[in-house]
Amino acid sequence: KEKRMEFIRVADKAELPENKMIVVVVGGKEVLLANIEGSYYAIANKCTHLGGSLSKGSLDGSVVTCPKHGAQFDVKTGKAVANAKIGFIKMNVKDEERYMVKVEGTDIFVKIS
């Protein structure tokens with residue numbers, strides 16, 4: 001029987017100001033948690049291109065840019081919005097896994113299914 005993942009408390013709202021992102025670990029997975037204008041979103045932290053840490057990149061609106069090769073993802077949906085570039089070569093990147101987030105009081109929870 002498979003154990004279903006529950007929502008895990010990962011942060012306090014005070015730890016994540018608006019338009020910032022942090023990395024949290026849920027069930028052994030690194031998760032990028034972002035606060036976009038007061039709403040919280042969670043996607044996988046490893047870039048789908050070569051595994052760069054998205055949390056070390058930059059956040060502009062709801063788009064995070066990987067610091068390694070510039071691949072971009074929308075943290076609201078996990079969708080890849082710009083491909084990775086090495087020199088003049090563009091490489092397609094897969095979408096990021098997206099996770100459910102809920103807030104109770106000041107606690108932020110993430111569920112990885």
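Q: What makes Met21 and Ala34 partners in this predicted model?
A: Met21 has Ala34, in β3, as its bridge partner. The two strands around this pair, β2 and β3 (residues 29–36), run antiparallel and are joined by seven bridges. Two strands count as paired because DSSP finds at least two bridges between them, and seven bridges meet that requirement.

Q: Which residue takes a positive phi in the hairpin of β2 and β3?
A: That is Gly27, with a phi near 55°. The hairpin has two residues between its strands.

Q: What makes β1 and β2 edge strands?
A: Each of them, β1 (8–12) and β2 (20–26), pairs on one side only. They stand at the two ends of the order β1-β12-β11-β4-β3-β2, an open sheet of six strands with antiparallel pairing. From one strand to the next, the twist averages 30°.

Q: How do you know that β11 and β12 pair?
A: Five bridges link β11 (residues 98–104) with β12 (residues 107–111) in the antiparallel sense. The cut-off is at least two bridges, so the two strands count as a pair. Within this pairing, Met100 stands opposite Lys111 of β12.

Q: Why is Lys102 said to lie over the face of Phe109?
A: Lys102 is 5.7 Å from the ring centre of Phe109. The distance part of the rule asks for NZ of Lys within 6 Å of the ring centre, so 5.7 Å qualifies. As for pairs of aromatic rings, a search of the whole structure finds zero.

Q: What is the strand order in the open sheet of four strands?
A: The order is β5-β6-β7-β8, and the pairing is antiparallel. The edges are β5 and β8 (80–82), each pairing on one side only. Here the twist averages 30° from one strand to the next.

Q: How do you know that β6 and β7 pair?
A: Strand β6 (residues 63–65) and strand β7 (residues 72–74) run antiparallel and are joined by three bridges. Since at least two are needed, they count as paired. Val64 stands opposite Phe73 in β7.

Q: Why is Asn45 called buried?
A: Its relative accessible area is 0%, and buried means under 20%, so Asn45 belongs in that class. Asn45 lies in the loop between β4 (39–44) and β5 (58–60). Leaving aside residues up to four places away in sequence, Asn45 touches Val23, Glu30, Val31, Leu32, Gly52, Ser53, Leu54 and Ser55.

Q: Why is Val23 called partly exposed?
A: Val23 has 36% relative accessibility, which is between the 20% limit for buried and the 50% limit for exposed, so partly exposed is the label. Val23 is found in strand β2. With residues up to four places away in sequence not counted, Val23 touches Glu30, Val31, Asn45 and Ser55. Val23 and Gly61 are 38 residues apart in sequence, and their C-alpha atoms are 18 Å apart in space.

Definitions and conventions
Residues numbered from 1 in each chain as written. Predicted model: local features only at pLDDT ≥ 70, side-chain atom pairs only at ≥ 80, totals over all residues. Heavy atoms only, no water. Axes fitted to C-alpha atoms, helices over the stretch in contact; angles between N-to-C directions. Buried < 20%, exposed > 50% of the residue type's maximum accessible area, 1.4 Å probe, protein only. Contact = heavy atoms within 4.5 Å. Phe/Tyr/Trp six-rings, centres within 6.5 Å; stacked < 30°, edge-to-face > 60°. Lys NZ or Arg CZ within 6 Å of the ring centre and 35° of its normal.
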